[in-house]
Amino acid sequence: MNRANAQIHGWLLLLPAAVLLALFTHYPVLATLWHSFQSTPRGGRPADWVGLENYRALIEDPVFWQVLGNNLWFAAGTIPASIALAILMAIWVNGKIAGRGFLRLAYFVPTVLPMIAVANIWLFFYTPTYGLLEQLTVGLLGLPSHNWLGTKSTVLYCLMVVTIWKEAGFFMIFYLAALQAIPPSLGEAAAIEGAGRWYYFRRVTFPLLMPTTLFVLVNAVINSFRLVDHIVVMTRGGPDNASSLLLYYIYDVGFKFWDSAYASALTMVLLAILAASAILQFAFLERRIHYQ
Amino acid sequence: MTRALEAIGAWLLAILWILPLAYAFWTAFHPPEFATRFDLSAPLTLQNFVNAWNAAPFARYFANTVLLVSLILGAQLVLATLAAYAFTRYEFYGRDVMFALVLVQLMIMPDVLVVENYRTMAALNLTDTITAIGLPYVASAFGIFLLRQTFKTIPLELDEAARVEGAGPLRVLWEVYVPLSRPVYIAYALVSVSYHWNNFLWPLIVTNTVGSRPLTVGLQVFSSGDQGIDWSIITAATLMTSGPLLVAFLLFQRQFVQSFMRAGIR
Amino acid sequence: MRKILSLIVAALIALPAWAQEISFYYPVAVGGPITKIIDGFAADFEKENPGIRIKPIYSGTYQESIVKALTAHKSGEPPVISVLLSTDMFTLIDEDAIAPWDAVATTADDQQWIKSFYPAFMENSQTGGKTWGIPFQRSTIVLYWNKEAFKEAGLDPNRAPATWKEMADYAQKLTRRDASGKTTQWGVEVPSSGFPYWLFQGFTTPNDAVLMNKDGNTTYYDNPAVVEALQYWVDLAQRQKVMPPGVIEWGTTPKDFFERKVAMMWTTTGNLTNVKANAKFDFGVAMLPANKRRGSPTGGGNFYLFKKSTPQQQAAALKFVKWVTSPRRAAEWGIATGYVAVRPDAWDTPEMKKYVEGFPAAAVARDQLQYSVAELSTHDNQRVTKALNDGLQAALTGGKSPADALKEAQREADRILRPYRK
């Protein structure tokens with residue numbers, strides 16, 4: 001086909017996707033930036049330009065810093081743990097353990113349950129005195145009772161557990177597929193050479209899983225900023241913002257306080273974090289990947 | 001020895017992992033008094049399901065959700081296929097720039113742009129419709145990326161052979177590229193359906209009434225209460241709403257994993 | 001000429017036959033019964049008023065409902081009426097979303113109707129000389145107590161604590177620990193998740209403190225009497241150890257009560273029917289204990305009229321709201337749910353009289369009305385109450401002292417409310 005046709009056809013094929021992407025990804029990013037420099041329109045008063053004032057308010061807002069810290073801590077807590085667990089689960093399910101089918105089912109089930117639904121169940125688990133956790137720790141083990149969700153020092157960890165529980169099984173599937181693509185001859189060769197399982201894993205399996213790890217890592221990072229459903233049900237950000245995450249705060253500010261300008265400024269911070277982590281991951285890790 | 005320990009470890013983890021679902025089964029099938037008491041002699045009942053069904057229009061929520069995920073998936077497949085084809089087999093100005101722009105959506109998903117997207121929907125007068133829930137997701141960077149990778153692996157000879165037989169570009173796409181990418185399509189469909197079946201925040205923001213509400217939002221509206229939490233009815237509702245996905249996974253477990261593997265997502 | 005006139009008359013008569021649709025957002029709680037009652041009201045009203053169609057839209061908690069209603073107002077289909085928190089009044093005015101009822105309630109009969117509600121409920125419904133909300137499902141906080149537990153602790157099962165000292169003392173006797181020191185039954189629970197400010201007003205009002213001014217632009221969070229009230233609340237858990245430490249979840253408090261994990265609980269009178277159905281023991285309902293005086297905040301929802309509706313819709317809406325707040329309906333509603341029937345003459349209806357005779361607990365909240373004050377409500381209400389909520393949760397989790405927590409909350413509230421004081 002001639003060059004002109006190629007140009008036209010190419011753009012035509014791309015057009016529907018491009019338009020929608022522009023409308024719901026690129027335009028909103030720019031619009032958020034624009035609105036973050038304005039004030040919030042209320043009732044009669046229209047929005048006007050206020051420059052960096054929203055950002056100044058952001059820096060002076062102790063809740064913002066708390067929420068940001070929470071989210072970073074939350075990411076640090078959930079990402080490595082879910083990935084490590086996912087690899088472990090994949091190895092187990094791929095191996096020769098009895099009842100693999102059941103294991104695979106059990107690990108994957110959290111993925112198909114809506115977070116909103118299971119958050120209520122986890123709420124029961126964490127309820128003091130007669131909640132499932134307390135029935136075990138207090139009833140069986142005799143430990144003192146604890147208000148897991150109602151204490152600032154433990155609430156974020158409790159939510160992390162819920163997130164890891166939800167995510168690990170999903171990542172496991174990707175690792176499982178990758179594991180099954182590793183030729184068994186590698187394992188046999190290693191066995192012949194007398195290499196231990198841990199050594200084999202560290203030097204052969206894990207590097208070969210790197211592409212999957214990159215893919216899973218990207219997902220995990222996004223999810224740690226994206227998933228706030230459990231907060232809505234279990235803690236509503238409390239106590240005293242100890243379990244609030246950035247997106248939840250944005251939702252509060254934007255749709256409960258109706259302060260759209262400040263919400264835009266907060267969103268810009270979130271976008272900056274996501275962009276930075278994308279660049280980091282692709283630049284840094286891309287080099288370390290072994291492609292088969 | 002370590003093998004045995006590993007097996008035990010794996011099983012313990014599995015039991016822990018399935019505990020919430022097990023609890024849901026327990027509580028949904030027993031009267032409310034036994035929601036916190038695990039008395040094995042407790043009577044079974046279906047009343048919770050009846051109450052749950054009556055308490056909110058789940059039939060409508062189901063219908064909305066099925067419609068939603070189907071529409072989204074359908075549109076995603078079409079758009080991503082066309083776009084991936086363009087990126088793979090066409091040379092046009094700005095192709096690499098466009099691809100980079102597409103990749104932006106991999107990191108910056110519509111979920112974090114709720115404030116602006118809501119404004120857009122309001123301006124388009126689309127709030128409180130199923131379209132509004134799905135539209136931001138229909139152009140899927142993940143789908144485009146995946147399909148482009150896959151299309152790239154299809155040998156050019158097949159493409160040229162089809163063209164020699166007189167097929168136009170779209171027919172080549174339909175007869176050569178699409179069939180050879182089946183595992184990828186299946187894997188992608190599974191990811192997309194489970195994502196959108198479970199999506200909550202954006203549908204919460206953009207829907208107001210039962211007419212457009214999907215299951216997740218319906219569940220939340222239904223389980224938040226002034227009168228306190230009734231786990232029996234909530235777990236019954238949970239089982240009802242996750243039922244289809246659970247059953248589907250039970251039946252198609254192997255295919256799930258197989259398609260991911262053959263999709264070569266790594 | 002006559003022909004034309006008769007044609008015109010015929011046309012005019014035909015006009016109202018065009019049905020007016022009144023959509024209204026209603027904050028549903030768990031359980032079919034309440035939605036069925038609302039649906040029943042809608043059906044009955046439509047029967048008596050052909051030409052008006054009532055469309056309830058069930059929208060979750062109060063918090064979710066105001067989000068939904070404002071979202072709908074700002075785009076797409078604005079509702080005609082909504083039942084929303086009485087405290088949302090200033091926010092709705094600022095968003096230019098609602099119209100005052102006085103504009104449509106113009107006849108003498110209408111004005112009489114507006115005056116017929118309990119004054120305590122009107123405090124959160126009127127400002128600037130206009131009536132913005134019509135009380136519908138209003139409540140106060142009450143104390144529920146487990147009579148069996150009282151008996152076991154050697155207390156008079158028919159006497160609830162009447163003062164702060166008594167409540168603390170009773171709670172001491174009611175808190176039971178087993179051999180290893182674990183608490184098997186707590187004395188009292190006052191929930192503090194979600195909206196602790198409301199429960200907090202159950203402490204500040206008996207301490208004769210108010211939290212905000214009538215114009216909704218100034219708060220008094222760090223008043224000494226307010227700090228004192230918070231200290232009492234915090235001490236219950238931290239010093240006297242009769243209340244579970246940390247933030248207590250609103251949703252699980254009734255369950256705790258049913259499970260006998262706690263002997264006394266503070267919650268809305270709107271939970272009365274729920275408690276009656278689920279408590280498998282004899283229980284009592286009492287006014288909140290007094291300190292310097294008796295008192296409780298009012299709570300619950302009002303009907304608001306949204307601006308973007310047509311005059312015909314507004315007239316039809318007025319008809320519906322008057323109908324549903326008539327003495328008979330208000331009584332019906334109160335009996336079915338446990339909310340306080342919003343007008344004195346509702347309590348004089350034969351149904352209500354009979355109900356109260358058989359179940360005196362139902363009248364406790366009504367009797368508390370004379371001591372009740374407005375619920376915390378200001379401009380930018382969500383933000384200002386969040387400042388207080390955060391401070392309360394900080395104090396209750398031991399993170400800050402009551403004085404510090406409230407001082408910071410006041411500072412934050414001042415910052416938010418400054419623009420409204422001009």
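**Reading cores, domains and contacts in a predicted complex**

Modeller: The largest nonpolar core has 297 residues, and those with the most contacts inside it are Ala86(A), Met172(A), Tyr175(A) and Ala83(B). Such a core is a set of buried Ala, Val, Leu, Ile, Met, Phe, Trp, Tyr and Cys residues joined through C-beta atoms within 7 Å.

Biologist: Which helix gives the most to this core?

Modeller: Helix H7 of chain A, residues 152-180, gives the most, with 18 residues. Helices (H or I, at least four residues) and strands (E, at least two) are DSSP runs, numbered from the N terminus. In chain C, domain 1 (17-138 + 299-371) and domain 2 (140-297 + 378-421) both give residues to this core, so the core lies between them. As a general idea, nonpolar side chains tend to be buried together in soluble globular proteins.

Biologist: Before we go further, what should I know about the model and its numbering?

Modeller: This is a predicted model, in which local features need pLDDT of at least 70 and side-chain atom pairs count only at pLDDT 80 or more, while totals for chains, interfaces and linings use all residues. Residues are numbered from 1 along each chain as its sequence is written, and chains are lettered from A and ligands numbered from 1 in the order in which they are written.

Biologist: With which residues is Tyr175(A) in contact, leaving aside its neighbours within four places in sequence?

Modeller: Two residues are in contact if their C-beta atoms, placed from the backbone, lie within 7 Å. On that basis, and with those sequence neighbours set aside, Tyr175(A) is in contact with Ala86(A), Ile87(A), Ala90(A), Leu209(A) and Thr212(A). For chain A as a whole, residues 24 or more positions apart account for 68% of the contacts with a separation of 6 or more.

Biologist: How many helices and strands are there in chain A, and how many in chain C?

Modeller: Chain A has 13 helices and zero strands, whereas the secondary structure of chain C comes to 19 helices and 12 strands.

Biologist: How are the domains of chain C read, and how many residues does each bring to the contact?

Modeller: Domain bounds come from an automatic or database domain assignment. The C-alpha centres of domain 1 and domain 2 of chain C lie 28 Å apart, and the contact takes 20 residues from domain 1 and 24 residues from domain 2. On the domain 1 side, helix H4 (89-94), strand E12 (298-306) and helix H17 (364-368) of chain C each supply at least two residues, and the largest share, four residues, comes from H17(C).

Biologist: Is Gln370(C) buried or exposed?

Modeller: A residue is buried if 20 or more other C-beta atoms, placed from the backbone, lie within 10 Å of its own, exposed if 12 or fewer, and partly exposed in between. With 11 C-beta neighbours inside 10 Å, Gln370(C) counts as exposed; Gln370(C) is found in the loop between H17 and helix H18 (381-396) of chain C. Of the 422 residues of chain C, 56% count as buried, and in chain A buried residues make up 48% of the 292 residues.

Biologist: How many residues of chain A are in contact with chain C?

Modeller: There are 25 residues of chain A in contact with 28 residues of chain C. The chain A side has nine nonpolar, 11 polar and five charged residues, where Ala, Val, Leu, Ile, Met, Phe, Trp, Tyr, Cys and Pro count as nonpolar, Asp, Glu, Lys and Arg as charged, and the others, Gly among them, as polar.
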